[in-house]
Amino acid sequence: MPRSRHPNKEIESAVQHAESLGWEFRKSNGHAWGHLYCPKSSRDGCIVAVWPTPRSAENHAKGIVRAVNR
């Protein structure tokens with residue numbers, strides 16, 4: 001099943017960037033809209049929260065891209 005699109009275009013673009021680099025998106029049942037999991041499948045792997053309505057969507061999208069590119 002394909003994932004739903006994020007309502008903000010900058011954040012959706014950042015999530016697509018992460019997925020193109022092998023990160024996996026999982027929908028969240030809590031406060032976050034979802035989480036991105038890095039391809040490293042050990043305890044050292046990274047998790048990045050994707051928020052539904054951040055104060056600054058542009059800054060949140062930049063933060064996602066920054067975390068993914070690290």
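Is Arg5 buried or exposed? At 59% relative accessibility, Arg5 counts as exposed, because the cut-off for that label is over 50%. Keep in mind that we're looking at a predicted model here.

**Salt bridges**

Arg5 has a charged partner: its side chain meets that of Glu12 in a salt bridge, with N and O 3.9 Å apart.

| Salt bridge | N to O distance |
|---|---|
| Arg5 and Glu12 | 3.9 Å |
| Arg26 and Glu24 | 3.2 Å |
| Glu58 and Lys62 | 3.4 Å |

Arg26 is partly exposed at 41%, and Glu24 is partly exposed at 40%. Glu58 and Lys62 sit four residues apart in helix 2, so about one helical turn separates them. Glu58 counts as partly exposed at 45% relative accessibility, and so does Lys62 at 44%.

Three of them make an open, antiparallel sheet in the order 1-2-3. Strand 1 (24-27) and strand 3 are at the edges with a single partner strand each, so one side of each has no neighbour in the sheet. From one strand to the next, the twist averages 25°. Strand 2 (residues 34-37) pairs with strand 3 over four bridges, and Gly34 stands opposite Val50 in strand 3. Helix 2 lies across strand 2 and strand 3, running at about 165° to strand 3.

In soluble globular proteins, nonpolar side chains tend to be buried together. In this model, the largest nonpolar core has 16 residues, and those with the most contacts inside it are Ile11, Trp23, Leu36, Val50 and Ile64. Helix 1 (9-20), strand 3 (47-50) and helix 2 (57-69) each supply at least two residues of this core. Helix 2 gives the largest share, five residues.

Take Ile64 as an example: leaving aside neighbours within four places in sequence, Ile64 is in contact with Ile11, Ala14, Leu36, Val48 and Val50.

**A buried histidine**

His6 lies in the segment before helix 1. With a relative accessible area of 5%, His6 is buried, because anything under 20% gets that label. A polar atom of the His6 side chain lies 3.0 Å from the backbone nitrogen of Asn8. Apart from neighbours within four places in sequence, His6 is in contact with Ile11, Glu12, Trp33, Val50, Trp51 and Pro52.

Technical notes
Residues numbered from 1 in each chain as written. Predicted model: local features only at pLDDT ≥ 70, side-chain atom pairs only at ≥ 80, totals over all residues. Heavy atoms only, no water. Core = buried A, V, L, I, M, F, W, Y, C linked by side-chain atoms within 4.5 Å. Buried < 20%, exposed > 50% of the residue type's maximum accessible area, 1.4 Å probe, protein only. Contact = heavy atoms within 4.5 Å. Polar contact = N/O pair within 3.5 Å; in protein donor to acceptor, adjacent residues only side chain to side chain. Pairing = 2+ DSSP bridges. Axes fitted to C-alpha atoms, helices over the stretch in contact; angles between N-to-C directions. Salt bridge = Lys/Arg side-chain N within 4 Å of Asp/Glu carboxyl O.
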